[in-house]
Amino acid sequence: MTPTFTELTVGQDLGSRTIEVTRTDLVKYAGASGDFNPIHWNEAFATGVGLPGVIAHGMFTMGAAVQLVTDWAGDPAAVVDFQTRFSKPVPVADTTGTPDAGAVIEVAAVIGALDAEAGTARVDLNVVAGGQKVLMKAQAVVKVA
């Protein structure tokens with residue numbers, strides 16, 4: 001059900017989502033995005049450059065987080081702007097041979113601001129992995145009817 005502007009209030013909780021990430025997800029994303037930087041798939045390389053291990057692509061994390069907003073809006077095209085700052089990497093442990101996720105990203109969304117003239121809602125996202133905020137000022141602007 002597509003939200004309408006009159007139904008929205010600042011501070012309104014839009015829900016939350018848990019995203020399980022595996023190294024296989026990172027390899028698939030690398031193929032789709034063309035970003036084959038070895039920090040996203042090679043443990044020895046990643047630790048060799050000072051990272052805690054293989055890390056998720058920033059854009060993978062950003063895209064996974066905004067999915068909560070597009071699902072809520074009912075139309076991905078309703079998201080007219082999405083910005084964030086990357087604050088921490090998302091380490092993805094090697095769980096080869098197990099059904100376990102290598103990382104878990106928690107996303108929660110609330111209405112941060114409403115603009116009646118533009119007919120938009122700013123959705124503020126709280127994005128956490130491993131107990132640390134991994135995206136700062138994650139905000140999507142959504143056109144609502």
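In what order do the 5 strands stand in the open sheet? I shall take that as my starting point this morning. Please bear in mind that the model before you is a predicted one.

The strands are arranged in the order 1-3-4-5-2, and their pairing is antiparallel. At the edges of the sheet are strand 1, residues 13–21, and strand 2, residues 79–86; each has a single partner strand, so one side of each is left without a neighbour in the sheet. On average, neighbouring strands are turned by 20° against each other, with direction ignored.

The protein chain contains 3 helices and 5 strands. Read from the N terminus, its elements follow the pattern β-α-α-α-β-β-β-β.

I turn next to the individual pairings. Strand 1 is joined to strand 3, residues 103–115, by 8 bridges, and these two run antiparallel. Within this pair, Asp13 stands opposite Val110 of strand 3.

Strand 3 is in turn joined to strand 4 by 10 bridges, again in an antiparallel arrangement. Here Ile111 has Val123 in strand 4 as its bridge partner. These two strands form a hairpin with 4 residues between them, and Gly119, which lies in the turn, has a positive phi of about 70°.

Strand 4, residues 120–129, is connected to strand 5, residues 132–143, through 9 bridges, and this pair is also antiparallel. Asp124 finds its bridge partner in strand 5 at Gln139.

Which share of the 145 residues counts as buried? The figure is 39%. As for the contacts in the chain with a separation of 6 or more, 65% of them are made by residues 24 or more positions apart.

The C-alpha trace spans about 50 × 30 × 25 Å along its principal axes. The chain exposes about 7,800 Å², of which carbon and sulfur atoms supply 55%. With regard to charge, there are 9 positive and 15 negative side chains, and the centres of these two sets lie 7 Å apart.

To close, I return to the sheet: its order is 1-3-4-5-2, with strand 1 and strand 2 at the edges.

How values were computed:
Residues are numbered from 1 along each chain as its sequence is written. This is a predicted model: local features need pLDDT of at least 70, side-chain atom pairs count only at pLDDT 80 or more; totals for chains, interfaces and linings use all residues. Side-chain values use heavy atoms; hydrogens and water are left out. Two strands pair if DSSP finds at least two bridges between them. Axes are lines fitted to C-alpha atoms, for helices over the stretch in contact, and angles run from 0 to 180 degrees between N-to-C directions. Buried means under 20% relative accessible area, exposed over 50%, partly exposed in between (1.4 Å probe, protein chains only). Contact means heavy atoms within 4.5 Å. Accessible areas come from the Shrake-Rupley method with a 1.4 Å probe; for residues, only the protein chains shown count as cover. Lys and Arg count as positive and Asp and Glu as negative; His and the chain ends are not counted. The place of a charge is taken as NZ of Lys, CZ of Arg, CG of Asp or CD of Glu.
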